[in-house]
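Open the model in your viewer and keep the selection panel at hand.

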Amino acid sequence: MNFASELQIWEQIDVAERYTMDRKYEEAASLASDIIQTIPNSNFETPVDDIDLATMMNSAGMLIVQSYEQLGRIRQVFIELKKIYGSIWAIPVEVFLTGANLLLKDGFKLELREILEEYLSKWEYMIDAGVYALREDETNKLSSNTLENDHKRRYFLSCEFYLEVAAVYTVKLLARSFCNIELAISWVDSADLPQDGREALLKKLQKLAKKQRRAAQRAAARVSTASSNEDSVETENEQSTASKGDKERKDFSRKLVQQSIQRGSDRLDTFLWWFRSIKIKIGGLQFVIPSGKLMLLFSLFFWMSFLLRKRGDVFRSLAKSKINSLKQAAFDALRLAFSVQMNPLAAVQQVPALPRASW
């Protein structure tokens, strides 16, 4: 395949896009790969602007990433991209970021960490120009890939794109996925970054650290609450068990009393088994008294006898008290009578005359 014009390239890219719309992802990835590898070796009839070439290379690379993601082979996408572009650093940064985020989404953290560290280590910051350029040890290496050699001669990476890759590495991967904010902050402090970019990354990491601390505190509070609830449930269960035990003991005591009463009743029934009923015949009438009524009559007879006997004792006690009182009164009268002194001459003795008064 050899392209003579920019239009032919875009036509082939459109064909690859239609493959993806028809879910022909294998065909789309294969055609996009051919487009990327053919562009550097094409002899264009009219010169093509570098920006336009970069746009076409980026579009074809996006189709490869999309196809691999739909095929469930996103883990192998960077292997294919490195083979097509010749090196990790030669992959267009937008294609690189898209593939990195998809790897992170699918949980391939270890593979992504190795890829990001390799990519970030290929560039050095040029303070005077304010851009990142490929390190000299990389530019001195020869490659059979003409696209890679072409990038070595004239390709630079803007600070904006480099900081985006650095943010994926530090914030998303190290801090969030690996939960290692200290390592992320250490890398930012020692990395070759512009000062404003360094400060921006540190602010993001500090904000994330505060959020993680609050989340940890809430989790600890939930664990504490859950533990407290468990203790409360255990206490309630213990109280319920104790109450149930008390109830069972009370029921057992009640059953014992009932059994004792029943045993007494059974013994009484056994004792009076021959008093089951009594037949009484008066003239032509015959009465049958059941044992229950017989017991009632015996009880009434017993209580009447007891009351009559007590009443007789009371009457005797009252009579005895009255007799003793009468005896005591007679004795007191006799003692009074014999204690008075009598004058035998009082009947014949004259009463002395009263003196007369002189007028």
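Begin with everything selected. Of the contacts in the protein with a separation of 6 or more, 61% join residues 24 or more positions apart. The model is predicted. Colour by secondary structure: the protein has twelve helices and five strands. Of its 359 residues, 29% are buried.

**Stop one: H2.** Select residues 25–38, helix H2. How far apart are its end C-alpha atoms? They are 20 Å apart, which agrees with the 20 Å that 14 residues should span at 1.5 Å a residue. Now show the side chains. Tyr-25, Ala-28, Ala-29, Leu-31 and Ala-32 of H2 are buried.

**Stop two: H5 against H9.** Select residues 93–105 for helix H5 and 159–177 for helix H9. Their axes are 10 Å apart and meet at an angle of about 10°. The cut-off for roughly parallel is under 35 degrees, so H5 counts as roughly parallel to H9. Show the contact residues next. H5 contributes Val-93, Glu-94, Phe-96, Leu-97, Asn-101 and Leu-104. H9 contributes Phe-161, Glu-164, Val-165, Val-168, Lys-172, Leu-173 and Ser-177. Colour this contact by class: eight residues are nonpolar, two polar and three charged.

**Stop three: the rings.** The structure holds seven aromatic pairs. Pick Phe-78 and Phe-96. Their ring centres are 5.2 Å apart and their planes stand at 70°, so this pair is edge-to-face. Phe-78 sits in helix H4 (residues 77–85) and Phe-96 in H5, 18 residues apart, and the pair links distant parts of the chain. Buried or exposed, Phe-78 and Phe-96? Both are buried.

Move to Tyr-132 and Tyr-162. This aromatic pair is stacked, with 3.8 Å centre to centre and 15° between the planes. Tyr-132 lies in strand S2 (residues 131–134) and Tyr-162 in H9, so the pair ties together parts 30 residues apart in sequence. Tyr-132 has a relative accessible area of 0% and is buried. Tyr-162, at 4% relative accessibility, counts as buried too.

Conventions
Residues numbered from 1 in each chain as written. Predicted model: local features only at pLDDT ≥ 70, side-chain atom pairs only at ≥ 80, totals over all residues. Heavy atoms only, no water. Helix = DSSP H or I, 4+ residues; strand = E, 2+ residues; numbered from the N terminus. Expected span 1.5 Å × (residues − 1). Buried < 20%, exposed > 50% of the residue type's maximum accessible area, 1.4 Å probe, protein only. Axes fitted to C-alpha atoms, helices over the stretch in contact; angles between N-to-C directions. Parallel < 35°, antiparallel > 145°, perpendicular 65-115°, else oblique. Contact = heavy atoms within 4.5 Å. Nonpolar A, V, L, I, M, F, W, Y, C, P; charged D, E, K, R; others polar. Phe/Tyr/Trp six-rings, centres within 6.5 Å; stacked < 30°, edge-to-face > 60°.
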